[in-house]
Amino acid sequence: MQALGRDSMLTTGKTVYLGSCPACRGGDGKSKLDLRAPELTANEWSHAVPPSAAFDWLAAGWSDLIDNPVPSLIYGFLVFLVALGVIAGFVAFGGYYVLVPVLAGFMIVGPLLAVGLYEKSRRLAMGDRVGLPQMIFVKPALGGQVLFTGVLLSLLILVLRPLPGFDLIAPMLFTTRIGWALVLVGGAVGILFAAFSFAISVFGLPIQLDRRVDALTAMGASMALVWNNLPVMLVWGGVVLGLLMLSLATGLLGLIVLFPLLGHGTWYAYRAIAS
């Protein structure tokens, strides 16, 4: 894992790559920020981004969605099929009691599933056109580290899995005081765990798509960026949760449009926070 010190945010060199930037594009097509500049603030992770910027990211995501919308909508439809297949499998085998953890797990792996949407937004910013094949077969800056990230996120989902026999004690949880206490404590722990998972993954995948860093460094940087820009990220997390709940209310059909919208919007969140 690469060290993150005062002289390097996401790389160990003198320069941080920030992705495509029309105003400051280097010879390799990526913008560069010299970390030796004396005007840097004491906290390189914190940026003056107002909470209202979350809605600007959503608007920018919508702009990318309707720019050649067919690939994004097909991508959203594929995500819808994956989500529907997973839920149908659990229901078929009588695993109704794990549906809530499964839906929570979807929020954890969502950034991984959205890599193709990040790629479309990245290429549009460079003035390129992108089709569905380029969105599905993405080539991250450091290759297989994205797969490693996927494994780590999958392990996090296993933590959410209810213990064997949970279906037998479920009635007790909602009919006794001790049961309700367990529900409240477990819910609080679950919220903290979900917040942690969101923090390490929301920018972890965009970073790996844009920069040559390993998975652990990317997730650590994502956590630092979220923590140091907490007000706007709380708003963005609320937007993500609200739109995913809306998708759930539509029988997951809303994912066809809302998942690409969130994927494109997350790329703009990353560009705003990481710059």
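## Asp-214 and its surroundings

In this predicted model, the side chain of Asp-214 reaches the backbone nitrogen of Leu-216 at 3.1 Å. Asp-214 itself is placed in the loop between helix 9, which covers 204–210, and helix 10, which covers 215–228.

Although Asp-214 is buried, it has no salt bridge, and the nearest side chain of opposite charge, that of Arg-212, is 11 Å away.

Most residues other than glycine have a negative phi. With a relative accessibility of 26%, Asn-68 counts as partly exposed.

Leu-252 is likewise not a glycine and has a positive phi, here of about 75°. The loop that holds Leu-252 runs between helix 11 (230–249) and helix 12 (255–274), and Leu-252 is buried there, its relative accessible area being 9%.

Val-70, Ile-74, Phe-77, Leu-78, Leu-81, Ile-136 and Phe-137 together make a nonpolar surface patch of about 630 Å². The element that gives the most to this patch is helix 2, formed by residues 69–92, which supplies five residues; Val-70 is one of the patch residues and is found in helix 2.

Technical notes:
Residues numbered from 1 in each chain as written. Predicted model: local features only at pLDDT ≥ 70, side-chain atom pairs only at ≥ 80, totals over all residues. Heavy atoms only, no water. Helix = DSSP H or I, 4+ residues; strand = E, 2+ residues; numbered from the N terminus. Buried < 20%, exposed > 50% of the residue type's maximum accessible area, 1.4 Å probe, protein only. Lys, Arg positive; Asp, Glu negative; His and termini not counted. Salt bridge = Lys/Arg side-chain N within 4 Å of Asp/Glu carboxyl O. Polar contact = N/O pair within 3.5 Å; in protein donor to acceptor, adjacent residues only side chain to side chain. Patch = residues over 30% accessible without salt bridge, like charges linked within 9 Å, V, L, I, M, F, W, Y side chains within 5 Å. Areas by Shrake-Rupley, 256 points an atom, 1.4 Å probe, with all protein chains shown as cover.
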